[in-house]
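This report looks at the overall make-up of one protein chain and then at two of its residues. Please keep the sequence and the structure in view while reading.

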Amino acid sequence: MSNLPSDILQQILATLRPVSLDTTTSQMRALEQQHTWLMHASHVCRAWRHVSTPLLYRTLVVRIDTTHACKQTSNIELVLANGMHNMARHIVVLVHGPDPVAIHDLHTSLEKAGVFAHVWTHVTHVHAAQQISNLGWANNVHRANQQAGAQLHLLNSQLHKVLPAVQSIVFSDLASTHVYGQGWLDGLMQASRLSSLRVFSDAVPRSKETLRVSRLHIDGVTFVRPVSARQLRVQCDTLVELTLSSVRDPGVWDIFSSQSSDSGLVFGQLRYLELVYYWESLYVPRLIRVENPESEVENIGTGDRLEPVFPVLHTLCVRRYPGHLPTLLTQFARSQTVRTLIVAGLQHEVPPDIDFTQLFPQLQALDVRIIGPIRAADHEYVDGVFTRAFAPKLRKLSLSMDIQQSLSVELDGHSMAFAHTLQTLRLVGTMDPSVVEWMLRQLFVLTDVELDVMCVRPHVASIALLIQHIGTSGHNKPVSKSVERLSVQSSTEDVSNGAVYRGLLQRFVCRMPRVYCVRVADEAVSGLRKAVRTLVASGVATAHAPHLQTLRVLAWDF
């Protein structure tokens, strides 16, 4: 091991580095464990210490537990003691407990952890979260608000001084504005340096200047508030990725401005756009905090709004749009540049007669997700969705529909006009296996297939029955002569059910002569491999499914 090249050793040790900056409690505990492993790795030898040191001190971690009088744990003292402050690039702060942390306690904990003991000129990424486990925390809102005030201003001011080079912020706190009146990271909203902002909060963050970021993700906020209540302006010219949730029409584009006011709102660099028109908090109802709510709400929809333009938009995702979806999509179809389209909603929100390829002639990947079960009586709706989704020129198609078992889909021949181009197909939800087989037979160049485990029926009770079925004449008609890779999505209840994966072998794998790789849940890999080995050893695979001899069964990272 001591003779390993430094670059290879670095890649190995990088798997122990806290690369996942998710701010959930489980991930934060994983960060601490990974930090311990890197400490041990640095003690192996001089070469290992040379490689692991930059990884060890790259991420500063602060955990504050409000359950035990704001007990805090951190690795910052270790970083400063070893003079490795210039190695730090990320800082992660997690506040968790039954109630929101008081600003005084938050400031004291960060001070004890050593955050204010040094100016972190090389830290460019900040990830912070407050997770509240007590659903009744709203009872303490008034007390917490009284304690904020000047202390919150002081906290933001100090964070601004000690973190002058922040370029990326990820902030998650559903109680921030509701409890404190503003976010406790608003002091880092430096428009001159910030390039990426992701917020999962109960309000849009505040900034005195217009932000010029390339990536903006704002989740969980109420966009029904007018601009004056949001206190955020974003320049649209610099955006490359944009995600907005809980948006409302009209007024979704009111927080944006263009460098040239004469040309309107031109999102000249925007490549990815996601709009979520419905969002529901798992905690308490979100409250709109404005000084004069009645007068503010009356102003919504008034004034001249600029028409947004998206000249280079590549990927568009629209979820839960309550209005007429084709009309909304027409707004984005004018640029004629959209290659990937994702549409999700309830049955009444996604009409079956949308001609996606007519709206987007350059469309190559389509993902349609129907939320909720579809009744057996709605076969015309299902036929309409399938017929419109199977469009010419598509290379990738994903359909997510919870169709009842008693409902079978009869597709007309013209709906398969895209068979000469489609290479990837993903089917999620309950669907009649005979319909799936029929579709696969029509797709002559299909190479990648992902199926829901609900499409795998019937199940096979034992390996003996599986051998009998495969050896029986009439059970081996190919369902696809082109598919090379097959993936199966499964729920927690299905991953250990051997009958399900024996059914997968019988219904699909053994009848796909070109398939060489099957991906399933990690818990099902060993069982499926054992079944394949048994089929090969019995000799039935040699006669009816010779490709099983070289089949690779791998775990799929869901």
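## Terms and basis

Contact here means that heavy atoms lie within 4.5 Å. The model is predicted, and local features need pLDDT of at least 70 while side-chain atom pairs count only at pLDDT 80 or more, although totals for chains, interfaces and linings use all residues. Residues are numbered from 1 along each chain as its sequence is written, and side-chain values use heavy atoms, with hydrogens and water left out.

## The chain as a whole

The chain holds 18 helices and 22 strands, where helices (H or I, at least four residues) and strands (E, at least two) are DSSP runs numbered from the N terminus. Of its 558 residues, 51% are buried, that is, under 20% relative accessible area with a 1.4 Å probe, protein chains only.

Among contacts in the chain with a separation of 6 or more, 76% join residues 24 or more positions apart.

## Thr357

Thr357 belongs to helix H12, which covers residues 356–359. Once neighbours within four places in sequence are set aside, Thr357 is in contact with Ala391 and Pro392; Thr357 and Ala391 are 34 residues apart in sequence, yet their C-alpha atoms are 6.6 Å apart in space.

## Glu437

Glu437 sits in helix H14 (residues 433–442) and counts as buried because its relative accessibility is 7%. Beyond neighbours within four places in sequence, Glu437 is in contact with Val479, Arg507, Phe508 and Arg511.

Key:
Buried means under 20% relative accessible area, exposed over 50%, partly exposed in between (1.4 Å probe, protein chains only).
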